[in-house]
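Here's a quick tour for anyone opening this one for the first time. Have a look at the model, then read on.

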2 protein chains.
Amino acid sequence: MTKNQRIDAAASLDHSSLADQCSILRATDIFGDGWTILILRELFWGQTRYDQIAAHTGMASNILAARLKKLVENDVIEKSVVESDARRFDYTLTQKGRELFPVLMTVMAWGDRWSSGDAGPLVQLRHTVCGKRTKAGLVCTSCAAPLAPETLRTNFAPAYKQSI
Amino acid sequence: MTKNQRIDAAASLDHSSLADQCSILRATDIFGDGWTILILRELFWGQTRYDQIAAHTGMASNILAARLKKLVENDVIEKSVVESDARRFDYTLTQKGRELFPVLMTVMAWGDRWSSGDAGPLVQLRHTVCGKRTKAGLVCTSCAAPLAPETLRTNFAPAYKQSI
């Protein structure tokens, strides 16, 4: 394929259709902003109340409310009335939300290494199984050997091939 | 701490300062949008040219150019002149960029499971070490046992404690 043919192919793409098919675009649309990941961190660390999350993240109320609403709409979290006080709500992760744990861990690890503030990482993690400081390492789910870019072969689905 | 004390603490926070310190906010500001993650995927799969990336992702030129510029400014990728054609450029990942591999893998895995289009995942991955279909599993970098939210203990740095 020559350069011009490639450019023509790109120009004739149905961009909105590819975006609809692309799981990366759909996924980051749900959780891709930093405030949303901060909320998820709080929920993973066991906070469930609006005011706890607000206090721990320092988020303005309008930002927090909008992000919680979007996460509920996307089935990432569930909202339920607090039994002892019907005016207040608990927020908990759904299965879909709990499976964002690897995303949270890898974003935290990269952020701590490459974009911490002057004070260094705000949160340190210790693994209760071994008792040591921990971060996330990546392994193949089939053979448990470490995963690296050079050990991956990619197969493109027909829908993807039609678009290039 | 009572509910009201927590709300007061949150209200008195210097939000901009916490955002500056928070590696999650700083990190997602760099790569948190889906188009940027698509560009990273192309670079990890070995594409280096502007027109290749445009054709494979279906991105409009103004979106692609802006994202590449931001990634260069943040030292995630490097831009270099193609030797055989001084009017064209190669884009390659820096060390900082290569270390986004775990983020890409975990976002892809979650997206494929929870937000694929009707046609299913567009890209399938095979591990050349074992030859099988693969996705990313998470292990502790200290003891290599699987990492799960309930096996983590969190320690908060002084800068974090001062803010709550």
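Contact, as used here, means heavy atoms within 4.5 Å. On that basis, among chain A contacts between residues at least 6 apart in sequence, 44% join residues at least 24 apart. This is a predicted model, so to speak of local features takes pLDDT of at least 70, and side-chain atom pairs count only at pLDDT 80 or more, while totals for chains, interfaces and linings use all residues. Residues are numbered from 1 along each chain as its sequence is written, chains are lettered from A in the order in which they are written, and side-chain values use heavy atoms, with hydrogens and water left out.

**Chain A overall**
- Chain A has nine helices and five strands, taken from DSSP runs (H or I, at least four residues, for helices; E, at least two, for strands) and numbered from the N terminus.
- Along the sequence, the order is α-α-α-α-α-α-β-β-α-α-β-β-β-α.
- Of the 164 residues in chain A, 49% are buried (buried is under 20% relative accessible area, exposed is over 50%, partly exposed is in between, with a 1.4 Å probe and protein chains only).

**Buried parts**
- Helix α3 of chain A (residues 23-31) is mostly covered, with seven of its nine residues buried.
- Those are S23(A), I24(A), L25(A), A27(A), T28(A), I30(A) and F31(A).
- F31(A) turns up again with F31(B): these two have the most contacts inside the largest nonpolar core, which has 80 residues (a core is a set of buried Ala, Val, Leu, Ile, Met, Phe, Trp, Tyr and Cys residues joined through side-chain atoms within 4.5 Å).
- What does F31(B) touch, leaving aside neighbours within four places in sequence? The list is V107(A) and W110(A), plus T36(B), I37(B), L40(B), L100(B) and V103(B).

**Two helices in chain B**
- The axes (lines fitted to C-alpha atoms over the stretch in contact, with angles from 0 to 180 degrees between N-to-C directions) of α5 (residues 50-57) and α6 (residues 61-73) of chain B come within 11 Å and cross at roughly 125°.
- Y50(B), I53(B) and A54(B) of α5(B) meet S61(B), L64(B), A65(B) and L68(B) of α6(B).

**Positive phi in chain A**
- Most residues other than glycine have a negative phi.
- D75(A), not a glycine, has phi near 60°; D75(A) sits in the loop between α6 (61-73) and β1 (77-82) and is partly exposed at 49% relative accessible area.
- A144(A) has a positive phi of about 70°, lies in the loop between β4 (136-140) and β5 (152-156), and counts as exposed at 53%.
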